[in-house]
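Me: I have a new structure to look at. Can you walk me through it?

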Amino acid sequence: MTLRAERLEEFRQAFAVETARAAGEDVLSGDLHTDGPLEPGEFTADTAVALREGGPWGSGFAEPCFDGRFAVLETRVLGGRHLKLRLRAPSGEIADAIAFRYLDDPCAPAVRPQSTAELAYRAALDEYGGARRLQLVAEWLAPEPASGA
């Protein structure tokens, strides 16, 4: 592509308009919309299966995203960059979660057991070792200080 220097600003503006139209304003603004929390009794593999089969998900039809505040029971690092969590929902239900590439950011706040964390997450199915479990895939994670800290 050849572009005259005197038309660069005009191109930038037109490009921004078209990008916003194609991607949707939420993508460019950084806003994350959720469908609220999963309800008690929905922290199951069956929920993840139902959501997966409810698609197809993609551009213009986003996969459901949920949010909530959880008690952090356990944490561990996978592959040096992913954070695996064991969480307790306000209903008392226990769920595993993963925050892919969380540790890629050197400024990412530590997530510790005995603290709480807010998550925006997708409900996914984790099939490992012949077992099927719900796994919350974090789209956004904000830890809160441990009690007594």
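Predicted model: local features only at pLDDT ≥ 70, side-chain atom pairs only at ≥ 80, totals over all residues.

Me: OK. What pattern does the chain follow along the sequence?

Reply: Read in order, the pattern is α-α-α-β-β-β-β-β. That gives 3 helices and 5 strands.

Me: How many bridges join S1 to S2?

Reply: There are 7 bridges, and the two strands run antiparallel. Glu74 stands opposite Arg86 in S2. The hairpin of S1 and S2 has 3 residues between the strands. Gly79 in that hairpin takes a positive phi near 60°.

Me: And S2 with S3, in which sense do they pair?

Reply: Antiparallel, over 6 bridges. Leu85 has Ala97 in S3 as its bridge partner. This hairpin has 5 residues between the strands, and Gly92 takes a positive phi near 95° there.

Me: Is strand S2 largely enclosed or open, and why?

Reply: Strand S2 covers residues 82-88. It is largely enclosed by the rest of the structure, because 5 of its 7 residues are buried.

Me: What share of the whole chain is buried?

Reply: Buried residues make up 30% of the 149 residues. The chain exposes about 9800 Å², and carbon and sulfur atoms supply 52% of that.

Me: Switching to the surface. Which residues form the nonpolar patch?

Reply: Met1, Leu3, Leu8, Phe11 and Phe15. Together they have about 530 Å² of accessible area. Phe15 sits in helix H1, residues 8-23.

Me: Why does Phe15 count as exposed?

Reply: Its relative accessible area is 51%, and exposed means over 50%.

Me: Now the backbone. Where is the cis peptide bond?

Reply: It joins Gly55 and Pro56, with omega about 15°. Pro56 lies in the loop between helix H3 (45-53) and strand S1 (66-78). Most peptide bonds are trans.

Me: What about phi at Arg101 and Gln114?

Reply: Arg101 has a positive phi of about 60°, and Gln114 has a positive phi of about 75°. Neither is a glycine. Most residues other than glycine have a negative phi.

Me: Where is Gln114, and is it buried or exposed?

Reply: Gln114 lies in the loop between S3 and S4. It is exposed, with a relative accessible area of 60%. Arg101 is also found in the loop between strand S3 (94-99) and strand S4 (116-128).

Methods. Residues numbered from 1 in each chain as written. Heavy atoms only, no water. Helix = DSSP H or I, 4+ residues; strand = E, 2+ residues; numbered from the N terminus. Buried < 20%, exposed > 50% of the residue type's maximum accessible area, 1.4 Å probe, protein only. Areas by Shrake-Rupley, 256 points an atom, 1.4 Å probe, with all protein chains shown as cover. Patch = residues over 30% accessible without salt bridge, like charges linked within 9 Å, V, L, I, M, F, W, Y side chains within 5 Å. Salt bridge = Lys/Arg side-chain N within 4 Å of Asp/Glu carboxyl O. Pairing = 2+ DSSP bridges.
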